Amino acid sequence: MGKKGGGGGGGGGGKGGKGGGDTKLKTCNFVKARHILCEKQGKINECWKEMGEAYLDDGDKIPGPKFGEYAMKYSECSSAKSGGNLGWFPRGKMEGKFQEVAFSTEVGKVAPPFKGANGWHILLVEGRRA
């Protein structure tokens, strides 16, 4: 699921992943997140569309428990049983693109579908800490 042993994560450019001048994000070493993982782009896009119609069209926030319902319905990861909950994880634990997105997304925001090493993801960041 998104975890890689320490090698090969250099392509993500994680240190500079702040996005265009967003001053709300401070450097952190741990992120708490939920995710949805699908092998096929079509399935993740179907989930994103359903989320958009219900929540995201009015902004990019969705309550964690509701996100968890989408994870249980769509995700192909073993974390789906727990609503996609990944808990707290440190920098360097997840593969490059996943880490880049996780550490550059504000708390409470949902990152749109992106392609990682293990498939297509939608990510909800629930917390950040030093």
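This is a predicted model: local features need pLDDT of at least 70, side-chain atom pairs count only at pLDDT 80 or more; totals for chains, interfaces and linings use all residues.

Modeller: Residues are numbered from 1 along each chain as its sequence is written, and side-chain values use heavy atoms, with hydrogens and water left out.

Colleague: In what order do the 4 strands of the open sheet lie?

Modeller: Helices (H or I, at least four residues) and strands (E, at least two) are DSSP runs numbered from the N terminus, and two strands pair if DSSP finds at least two bridges between them. Strands S2 (85-90) and S3 (110-116) each pair on one side only, as edge strands. The pairing is antiparallel, and the order is S2-S1-S4-S3.

Colleague: How many bridges join S1 to S4?

Modeller: Strand S1 (residues 30-38) is joined to S2 by 5 bridges. Phe-30 has a bridge partner in each neighbour: Pro-90 in S2 and Arg-129 in S4. Between S1 and S4, which run antiparallel, the number of bridges is 9.

Colleague: Through how many residues does the hairpin join S3 to S4?

Modeller: S3 and S4 pair in the antiparallel sense over 5 bridges. One of the bridges links Gly-116 to its partner Gly-119 in S4. The hairpin joins the two strands through 2 residues.

Colleague: What span should the 14 residues of H1 have, and what separates its end C-alpha atoms?

Modeller: The expected span of a helix is 1.5 Å times one less than its number of residues. For H1 that should be 20 Å, and the separation of its end C-alpha atoms agrees with this, at 20 Å.

Colleague: Which residues of H1 are buried, and what covers them?

Modeller: Ile-44, Cys-47, Met-51 and Gly-52 are the buried residues of H1. Seen down the helix axis they fall within an arc of 135 degrees (taken from the directions from the axis to the C-beta atoms), so they line one face of H1. On the other side, Lys-49 and Glu-53 are exposed. The cover over the buried residues, counting contact as heavy atoms within 4.5 Å, includes S1, H2, S3 and S4.

Colleague: Which residues form the one aromatic cluster?

Modeller: Rings of Phe, Tyr and Trp (its six-membered ring) pair if their centres lie within 6.5 Å; planes under 30 degrees apart count as stacked, over 60 as edge-to-face and the rest as tilted. A search of the whole structure finds 3 such pairs, and one of them is the tilted pair of Phe-89 and Phe-98, at 6.2 Å centre to centre and 50 degrees between the planes. The rings of Phe-98 and Phe-114 are 6.1 Å apart at their centres with planes at 55 degrees, so this pair is tilted as well. The cluster consists of Phe-89, Phe-98, Phe-103 and Phe-114.

Colleague: Where in the chain do Phe-98 and Phe-114 sit, and how many residues apart are they?

Modeller: Both count as buried, Phe-98 at 0% relative accessibility and Phe-114 at 6%. Phe-98 belongs to helix H3 (residues 96-102) and Phe-114 to strand S3, so the pair links distant parts of the chain.

Colleague: Is Gln-99 buried or exposed, and which residues is it in contact with?

Modeller: Gln-99 is found in H3. At 14% relative accessibility it counts as buried. Leaving aside neighbours within four places in sequence, its contacts are Arg-91, Gly-92, Lys-93 and Met-94.

Colleague: What is the distance between the C-alpha atoms of Ala-130 and Thr-27?

Modeller: Ala-130 lies in the segment after S4 and is exposed, with a relative accessible area of 74%. Not counting residues up to four places away in sequence, Ala-130 touches Asn-29 and Phe-30. Ala-130 and Thr-27 are 103 residues apart along the chain, and their C-alpha atoms are separated by 7.4 Å.

Technical notes:
Buried means under 20% relative accessible area, exposed over 50%, partly exposed in between (1.4 Å probe, protein chains only).
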